[in-house]
Amino acid sequence: MSTVDIIKRCEELYEDTYFTAAREWKAADPSRKVIGYMPVYVPREIMHAGNMMSLGILGGGDNLEVIHGDAYYQSYICRIPRSTIELGKTGRLDFVDGMLFPSICDVIRNLSGMWKLMFPETYVRYFDVPQNYQDDIGGNYYVAELQELREGLEKLSGNKITDEAIRNSIQIYNINRNLIRELYDLRSEMPHNVSSNDVYLLNRAGMVIPVEEHNEMLRDYMDAAMRLDNPKRDNCRIIINGSFCEQPPLNLIRSIELAGCYIVDDDYMLVNRWLLNEVPSEGNPLQNLADAFIHESADSAAKYCDRHEDVGMYLLGTVKERQAEGVIFAAPSFCDPALLERPMLTDRMKEHDIPHISFKYAENSGQMQPIREQAGTFADSIKLWS
Amino acid sequence: MSANIETLDPQKDSSMLMQKEMINSNYDALTDTANNGKKVCSTFVPGNLNELIQSFGMLNNLPETNAIQNAMRQQSGGMIQSAERMGHSEDVCTYVKADIGMMSKGNIAPNGKPMPNPDLLLLSYTGCFTFMKWFELLRQEYKCPTVMLQVPYQGDGEVTQNMRDFVVKQLKEEVIPALEQVSGNKFDIDALREQMRRSAQAEDDLVWVLESAKNKPSPIDAYFGAIYYLGPMFTAFRGTQQAVDYYKVLRQEIEQRIKNGQGPITPGGSMGKEKYRIVMEGPPNWTNFREFWKMFYDEGAVVVASTYTKVGGVYDQGFRHDADNPLESLADYCLGCYTNRNLPKRVDMLEKYVKDYEADGLLINSIKSCNSFSAGQLMMMQEIEKRTGVPGAFVETDLVDPRYFSAANVKNRLESYFQMIEQRRQGQSNMIASAR
Ligand code: SF4
Ligand code: SF4
């Protein structure tokens, strides 16, 4: 299959706000369940091990007309909770058996309670994670939280979630994480062949189809992309930071590229890149997931950084590793975690003379011209001074 | 999150004078560490560990309280703008920006003297994620020892044993050792118990005071007025003998007001006839606090219960600091603060207040800064209207950013809201009359 065909399929999945693929997956077997989750991270292995598909809900995008959702939020709250409510209120999530709301910010946290009130029949869990990274403190707490999640899902589905099944799921998700890492490496190596539009859509596809299918898709895409011979442009290499929750419109990502920037890393979807290394599939699987979370997970504004010296170092490391020439801080309007952290990150970038710009967006931003101009000027200035 | 009476200058009772003295004395102690040799711990209001901090002989400095003080003195606007000029987004919590702006302006305490740098940053972020990044920003500035206490959120509306164990373990293995190291004193569990015993005593009297609003007329305003009553409890005095004495005196005063059939004291003197009994959700606005309050008492509206007065502890639902189980009890305290309860529990609490306090309505002051409070409030209002039949209303302001207080809009909203309550009342009495 060509990259064009694969991306066409991804585009269809991206535009389908009724999640037909997940509906069909569920309909094929009565023991199957679907569990929705919001950014930024949930242990998808546990759902998978219980014959449940985890469905990534990243808001409604720029095509969904938000009618009900706006009635629930003041103007100064970001867009993603209102379009998520819209998805729920319009029956688009009526096949979803449970929803997980990870601990990322107060908006998603409160949305978990709103969901409980709005959809009392649905299994709703606020998924808390440790901000303390000591094994016997945060680690133990997290293992117990994972166990509670496991029991809740067992009760919901009637399916037993055995250690063996979780170990098996860990292996499958290890493959997925590995393929995603390869995809990011490939883009960084040949951004002319692997566009950010493609990487984004491939990632989004992984939110709404079974992981096995996604693994195949990623392999096929990379095989085909490596064979391409697209012309190399004189673009500068930049990293996107701050977009880990509410997503920008696809046009915004395309605009940045069109403005002369190759995106060589980003934090659009972290769930499949959260655990940085292979999770051991021997031994106690919950302990392994907890260890990976505590010791080898990505950095994001949703996490507490326990030493000042480490603030921004993950981003700095990525800049170096990807040989990036600049950072674009692109955060959703009113996004507290991203915007509170931004000054600390920009300080770190200044310290190391890394060029950077900042802007805000909303998932339904329409006007791309200003962003294209800003990114274009940024790219020009990098080229001029490098 | 609570204020100092001095900026209001209403009719002063003994309790008010006591409160003013207490708050001033804490600022004096804080700005005199060069002489008194005390170590300073910066921490936040909700879920603060005052008893523990005091048991190590340390002083407690609360950045939200400083922001409030600065707002009431009309200083916060400039501070916020200077933080924004330094690169902080206009979208984020203005407490954070007021604090950062205050530092950039020399960190002058309300008594006019420079505030010392903290010796320890103790982050216990109960009920709000902003605290976590705020704390990282403070650490960048002060470069002092830091310790964090993560308090899990009550996602299912209950405290599980795992949550409690997690908090206790952090207290034992992280927080207490950090306090020992910075203060140079060994942990003394008996000193902590003693503090907690006094906390519980003061908490009993505070609850009595808050519940006095069930009287008609209510002898207190349980939002604007109660902010003062909570000053000592939410800040550096919980656990001290001063707090015990203060709440005793306050209680006696209110007992007297009930006997006299009096309403609350306001900045304009004793309130006139009580016309509307309101339950409030959300923090107040601080830059125009007095103006905001006046919009209520001018109309005869008294707040009989509020949720903001529970951000530093929900005592009226039974929690007391328990000297027999000190660390577990501190954990339960942190876990139980209002914004750490999930939304359905918050709605239940409001429903109970509307019913128990026989309120005429629910008013939400929605704060632009504060997602922790604000996200979901429109739904809360709908739920309360559905469950209780009383009308809800919504006003939008900010905490300490004067740019977001539009007096004309707020006043209009409130006036039409009170009129609506009045009309409903008329409608109901007409219905009763015609049924007869
Ligand atoms: S966009 Fe930011 S503020 Fe909004 S829900 Fe996501 S993390 Fe929270
Ligand atoms: S967001 Fe709200 S709870 Fe959090 S620090 Fe700001 S005012 Fe306090």
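Author: Before we start, helices here are DSSP runs of H or I with at least four residues, strands are runs of E with at least two, and both are numbered from the N terminus. This is a predicted model, in which local features need pLDDT of at least 70 and side-chain atom pairs count only at pLDDT 80 or more, while totals for chains, interfaces and linings use all residues. Residues are numbered from 1 along each chain as its sequence is written, chains are lettered from A and ligands numbered from 1 in the order in which they are written, and side-chain values use heavy atoms, with hydrogens and water left out.

Reader: What makes the pair Lys360(A) and Glu90(B) a salt bridge?

Author: The term asks for a side-chain nitrogen of Lys or Arg within 4 Å of a carboxyl oxygen of Asp or Glu. The closest N and O atoms of Lys360(A) and Glu90(B) are 3.4 Å apart, so the pair meets the rule. Between chain B and chain A the count is five salt bridges.

Reader: How many residues does each chain bring to the contact, and how do you know the area buried there?

Author: With contact meaning heavy atoms within 4.5 Å, chain B brings 59 residues and chain A brings 55. Buried area is the accessible area (1.4 Å probe) that two parts lose on being put together, summed over both. Here that comes to about 4,800 Å², with 57% from carbon and sulfur atoms.

Reader: Why is one space called a pocket and another a cavity?

Author: Both are found on a 1 Å grid over the protein atoms alone: a cavity is a set of points where a 1.4 Å probe fits but cannot get out, whereas a pocket is an open set with protein on both sides within 12 Å along at least five of seven lines. Lining residues have an atom within 4 Å of a point. Points are joined across faces, edges and corners, and a volume is the space filled by probe spheres set on them.

The largest pocket has a volume of about 620 Å³. It has 40 lining residues, and among those closest to its centre are Asp265(A) and Arg273(A).

The second largest pocket holds about 490 Å³. Of its 20 lining residues, His192(A) and Glu257(A) are among the closest to its centre. α1 (3-15), α8 (196-208) and α10 (250-258) of chain A each supply at least two residues of that lining.

The largest cavity has a volume of about 210 Å³. Tyr14(A) and Arg204(A) are among the residues closest to its centre, and α1 and α8 of chain A each give two or more residues to its lining.
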